[in-house]
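We will walk from one stop to the next, and each stop tells you what to pick.

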Amino acid sequence: MTPSLDIASLGGHTMGTTWQVKLTTSPDRDLHPLHAGIQAQLDAVVAQMSTWEAASAISAFNGAAAGASLPLPALFAEVVDCALDIAQRSDGAFDPTVGPLVALWGFGARAHAQRVPDTALLTATRARCGWQRLHWQDGCLLQPGGLELDLSAIAKGFAVDLVSHWLRDQGIAAALVEVGGELHGYGRKPDGQPWRVLVEAGPEEEAELPHPPRVLVLDDLAVATSGDRWHQFTQGGAHYSHTLDPRVGAPVSRAAAAVTVVARDAMHADGWATALTVMGAEAGLPFANANALAARFITRSAQGIEEQLSTAFAELLAEQEAAA
């Protein structure tokens, strides 16, 4: 135990959502510089990667002329590299170039009345997308023309990692960082215990499962959850999720209620949670097993709510329960 340390809680707003940090610190430490520093890390992500900000680096790339070659700020470039890696490994289930499709379906920074788009317009918009169109040249990213990046499915996770790294640099030995539901925890609390968090899913889904809620120990681990209970609309009796399948240009059909991924960093957990949501449990679970991804799928069927765990997720739970 470390009786000379307390747990402090800080919070604020970023990226259209909230952030919260719990950290261990001495009782007499001034928390204002820590709060300002955390907000500065998050503001840097917004300045580089928010499509809501007209002056952001991503908006500059999206608005650049065909053939333009743009040097990206370091943070932006790091996230693009990770996004392209996940896009390639998932065969396009994750695609950072879906910006035009997100707008077409009424989501994102240019949200409008959500509706199923005209077939011809959908076809034309799909032609503007495709992660394979992104290329680096001499350290610059080439704008092939009409391509719009959208990193909303990975940037919050990256922001969590950025804050965690910054806190370590400030001498914070233990912290639990959360941005919009994506989390990373490291170190031990003053009583010697690690950070424990509930695996996120809808309360109605959890209530139907035949076991207690899943609890994860975040000992230098991150967790992210994606699913169909966030931002959706109904038209003609059909439900349309905000999670788009870039391979067909339309919202995911029969999306899982929740897909949770645990990884060493929140950027990868965030991106893979989206990719596996797009794949669906039928294809996503075998993929997760083949790629050693720790994933949990909560799906709905005629028989009710079902939980499916990848081998890595089940092993992680077993290891943590054995160590408790």
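A crossing of two helices is left-handed if the near helix is turned anticlockwise from the far one by less than a right angle, and right-handed if clockwise. Helices (H or I, at least four residues) and strands (E, at least two) are DSSP runs, numbered from the N terminus. This is a predicted model, in which local features need pLDDT of at least 70, side-chain atom pairs count only at pLDDT 80 or more, and totals for chains, interfaces and linings use all residues. Residues are numbered from 1 along each chain as its sequence is written, and side-chain values use heavy atoms, with hydrogens and water left out.

**Stop 1**

Select helix 6 (155-169) and helix 8 (residues 266-290). Their axes lie 7 Å apart, and the packing angle is about 165 degrees; axes are lines fitted to C-alpha atoms, for helices over the stretch in contact, and angles run from 0 to 180 degrees between N-to-C directions. That makes helix 6 roughly antiparallel to helix 8 (under 35 degrees counts as roughly parallel, over 145 as roughly antiparallel, 65 to 115 as roughly perpendicular and the rest as oblique). Which hand does the crossing of helix 6 and helix 8 have? The crossing of these two helices is right-handed.

**Stop 2: rings**

Now show Trp-272 and Phe-287, a tilted aromatic pair with 5.5 Å centre to centre and 40 degrees between the planes. Rings of Phe, Tyr and Trp (its six-membered ring) pair if their centres lie within 6.5 Å; planes under 30 degrees apart count as stacked, over 60 as edge-to-face and the rest as tilted. By this rule the count is one aromatic pair. Both Trp-272 and Phe-287 are buried (under 20% relative accessible area; exposed is over 50%, partly exposed in between, with a 1.4 Å probe and protein chains only).

Next, pick Arg-168 and Tyr-186: the charged end of Arg-168 sits over the ring of Tyr-186, 3.9 Å from its centre. The rule asks for NZ of Lys or CZ of Arg within 6 Å of the ring centre and within 35 degrees of the ring normal.

**Stop 3: salt bridges**

How many salt bridges does the structure hold? There are seven, each a side-chain nitrogen of Lys or Arg within 4 Å of a carboxyl oxygen of Asp or Glu.

Begin with Asp-85 and Arg-89, whose closest N and O atoms are 3.7 Å apart. They are four residues apart in helix 3 (residues 74-89), so about one helical turn separates them. Asp-85 is partly exposed at 32%, and Arg-89 is partly exposed at 35%.

Move to Glu-148 and Arg-128, bridged at 2.7 Å. Glu-148 lies in the loop between strand 5 and helix 6, and Arg-128 in the loop between helix 5 and strand 4, so the pair ties together parts 20 residues apart in sequence. Glu-148 is buried at 14%, whereas Arg-128 is partly exposed at 31%.

Then select Glu-307 and Arg-214, with closest N and O atoms 2.8 Å apart. Glu-307 is in strand 17 and Arg-214 in the loop between helix 7 and strand 9, 93 residues apart.

**Stop 4: positive phi**

Finish with Met-15, in the loop between strand 1 and strand 2, and Ala-292, in the loop between helix 8 and strand 16. Met-15 has a positive phi of about 55 degrees although it is not a glycine, and Ala-292 likewise has a positive phi of about 55 degrees. Met-15 is partly exposed at 30%, while Ala-292 is exposed at 60%.
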